[in-house]
Amino acid sequence: MSGIDKDLQCRELIAKAVCGKGHKFTQTTHTIIPSHTPSTILGCWVINTNFQAEKVGDAVEVSGTYDVNLWYSFADNTQTEVKRENVHFSVLVPLTFFDRNCRGDLEIVARAVEQPKCVKAELSGGGTVTVRVESEFAVEIIGETKVCVVVCNSCDDKDFHLVGDYEDNSDEFDDFDSATLLDELD
């Protein structure tokens, strides 16, 4: 055994890491009942989105509310009004991977990749309006995990060199994203 080999040891570190993740695109249809029978839909938009997330079995449930604002004309297109309706939603996001060896309190992080938005609003029978909303959510579960690393007792006097054609000032790895490594393993 060489001098360098016996100076090397293995050490376990406890670190916070992404232990699970997933994403889901969703389309939802809502029925809005305006106070007047609409003649024409002039516009529809979604604002004030609020949501939270929690782990439910092998998935993460993202639930919250948003306001659907429907601008419409009535009385044979002689008057307009905006109907605002607060809508509750719930999306079950399946996990593409989850490490069950994760420890400690799990932190659930959810973000809207695509904020809820109205993609279609059309008149329905009986003075109602059907509104289709699209959104996409990404979730991550963060927890504690063990990482095993190789350490040496005295690195000060050692000169480690990489074998290969590497330049010290290379920008080759500036755009490296470690999250893609997990995608490649699936």
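This is a predicted model: local features need pLDDT of at least 70, side-chain atom pairs count only at pLDDT 80 or more; totals for chains, interfaces and linings use all residues.
## Basis

Residue numbers start from 1 along each chain as its sequence is written, and local features need pLDDT of at least 70, with side-chain atom pairs counted only at pLDDT 80 or more. Totals for chains, interfaces and linings use all residues, and side-chain values use heavy atoms, with hydrogens and water left out.

## Open sheet

The order is β5-β1-β7-β6 in an open sheet of 4 strands. Its pairing is antiparallel. Strands are DSSP runs of E with at least two residues, numbered from the N terminus. Two strands pair if DSSP finds at least two bridges between them. At the edges stand β5 (97-98) and β6, and each pairs on one side only.

β1 and β5 run antiparallel and are joined by 2 bridges. Here G20 sits opposite F98 in β5. Strands of a sheet pair through backbone hydrogen bonds, either parallel or antiparallel.

β2 covers residues 38-56 and β3 covers residues 59-74. They pair in the antiparallel sense, over 15 bridges. E54 faces E61 in β3 across the pairing. The hairpin leaves 2 residues between the strands. There, G57 adopts a positive phi near 65°.

## S63 in β3

S63 belongs to strand β3. Its relative accessibility is 19%, so S63 counts as buried; the cut-off is under 20% relative accessible area, with exposed over 50% and partly exposed in between (1.4 Å probe, protein chains only).

## K117 in β6

K117 lies in strand β6, residues 103-123. K117 is partly exposed because its relative accessible area is 40%. Neighbours within four places in sequence aside, K117 contacts V46, R132, V133 and E134. K117 and E134 are 17 residues apart along the chain, yet 5.6 Å separates their C-alpha atoms.

The side chain of K117 also makes a polar contact of 3.4 Å with that of E114. Such a contact is a pair of N or O atoms within 3.5 Å; within protein, one must be able to donate a hydrogen and the other to accept it, and residues adjacent in sequence count only if both atoms are side-chain atoms.

## Largest pocket

The search uses a 1 Å grid over the protein atoms alone. A pocket is an open set of points with protein on both sides within 12 Å along at least five of seven lines, while a cavity is a set of points where a 1.4 Å probe fits but cannot get out. Lining residues have an atom within 4 Å of a point. Points are joined across faces, edges and corners, and a volume is the space filled by probe spheres set on them.

The largest pocket has a volume of about 230 Å³. Its lining has 10 residues, and K21, G22, R111, A138 and V139 are the closest to its centre. β1 (8-32), β6 and β7 (129-152) each supply at least two lining residues. The lining holds 3 nonpolar, 3 polar and 4 charged residues. Ala, Val, Leu, Ile, Met, Phe, Trp, Tyr, Cys and Pro count as nonpolar, Asp, Glu, Lys and Arg as charged, and the others, Gly among them, as polar.

## Largest cavity

The count is 1 cavity of 30 Å³ or more. About 50 Å³ of space lies in the largest cavity. T26, T28, Y66, F89, V91, V133 and S135 line it. β1, β4 (79-94) and β7 each give at least two residues to this lining. By class, the lining has 4 nonpolar, 3 polar and no charged residues.

How values were computed. Contact means heavy atoms within 4.5 Å.
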